[in-house]
Amino acid sequence: MRDYVSSILEAEGDYEVHEVGNGFDALRALPRDLFGLIVTDINMPDVSGIELTRFVRQTPRHANTPLIVISSEASAVDKDRAMSAGASSFVAKPFTPEEFLAAIAEAIALPRPDLQAGAEPGADEGEAT
């Protein structure tokens, strides 16, 4: 799935993709870089996508970063869990590149309090993890 998501982003040409193998590696990557978009799966080894989403939203550096949760668990309960944890958008597997890109556009278009307050966006705005 990571390869599929990466290929969609790289084909767009607007994203520098930073991949990690699991939720724990994602937690370690967050303090090192400022990401313009975060993509996570609900089901990951070590740290779930829901736990990662909650952590991201509690971290000042990434609290307002657009975050997409993807999952094969497409029930309303799973979507509610992801959105309640702070996801900007939820995409059920399987999905087409067009559906994924639409979710990105939706997530990026959401109001971001850090930008409304006059803060400058990160230099690496096009990165995804």
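**Asking about a predicted model**

Reader: Let's start with His62: leaving aside its neighbours within four places in sequence, which residues is His62 in contact with?

Author: Leaving those neighbours aside, His62 is in contact with Leu30, Asp33, Leu34, Phe35, Ile38, Val56 and Arg57. Contact here means heavy atoms within 4.5 Å. A word on the model: it is predicted, so local features need pLDDT of at least 70 and side-chain atom pairs count only at pLDDT 80 or more, while totals for chains, interfaces and linings use all residues. Residues are numbered from 1 along each chain as its sequence is written, and side-chain values use heavy atoms, with hydrogens and water left out.

Reader: Is His62 buried or exposed, and how do you know?

Author: The cut-offs are under 20% relative accessible area for buried and over 50% for exposed, with partly exposed in between (1.4 Å probe, protein chains only). His62 has 0% relative accessibility, so His62 counts as buried. You'll find His62 in the loop between H3 and E3.

Reader: What makes the pair formed by the backbone oxygen of Asp33 and the side chain of His62 a polar contact?

Author: A polar contact is a pair of N or O atoms within 3.5 Å; within protein, one must be able to donate a hydrogen and the other to accept it, and residues adjacent in sequence count only if both atoms are side-chain atoms. The backbone oxygen of Asp33 lies 3.0 Å from a polar atom of the His62 side chain.

Reader: Which position does UniProt list for "modified residue: 4-aspartylphosphate"?

Author: The unreviewed UniProt entry lists Asp41. UniProt positions are given in the numbering used here, feature names are shortened, and annotations may be inferred rather than shown by experiment. In the model, Asp41 sits in strand E2 (residues 38-41).

Reader: Is Asp41 buried or exposed, and what does Asp41 touch?

Author: Asp41 has a relative accessible area of 13%, so Asp41 is buried. Not counting residues up to four places away in sequence, Asp41 touches Ser48, Gly49, Ile70, Ser71 and Lys93. A polar atom of the Asp41 side chain also lies 3.1 Å from the backbone nitrogen of Asn43.

Reader: Which residues of helix H3 are buried, and why are they put on the same side?

Author: In H3 (residues 49-58), the buried ones are Gly49, Ile50, Leu52, Thr53 and Val56. They cover an arc of only 160 degrees around the axis, and that puts them on the same side of H3. The arc is that of the directions from the helix axis to the C-beta atoms. These buried residues pack against helix H2 (23-29), E2, strand E3 (67-71) and helix H4 (76-85).

Reader: What about H1: which residues are buried there, and which are exposed on the face turned away?

Author: Val5, Ser6, Ile8 and Leu9 are buried in H1. Seen down the axis, they fall within an arc of 160 degrees, so they line one face of H1. The face turned away carries the exposed residues Asp3, Glu10 and Ala11. Just after H1, Gly13 has a positive phi of about 80 degrees.

Reader: What angle do H1 and H5 cross at, and what is that called?

Author: The axes of H1 (residues 2-12) and H5 (residues 97-109) come within 11 Å and cross at roughly 70 degrees. That makes H1 roughly perpendicular to H5. Angles under 35 degrees count as roughly parallel, over 145 as roughly antiparallel, 65 to 115 as roughly perpendicular and the rest as oblique. Axes are lines fitted to C-alpha atoms, for helices over the stretch in contact, with angles running from 0 to 180 degrees between N-to-C directions. Tyr4, Val5, Ile8, Leu9 and Glu12 of H1 make the contact with Pro97, Phe100, Leu101 and Ile104 of H5.

Reader: Which peptide bond is cis, with omega near -10 degrees?

Author: The one from Lys93 to Pro94. Pro94 is in the loop between strand E4 (89-92) and H5.

Technical notes: Helix = DSSP H or I, 4+ residues; strand = E, 2+ residues; numbered from the N terminus.
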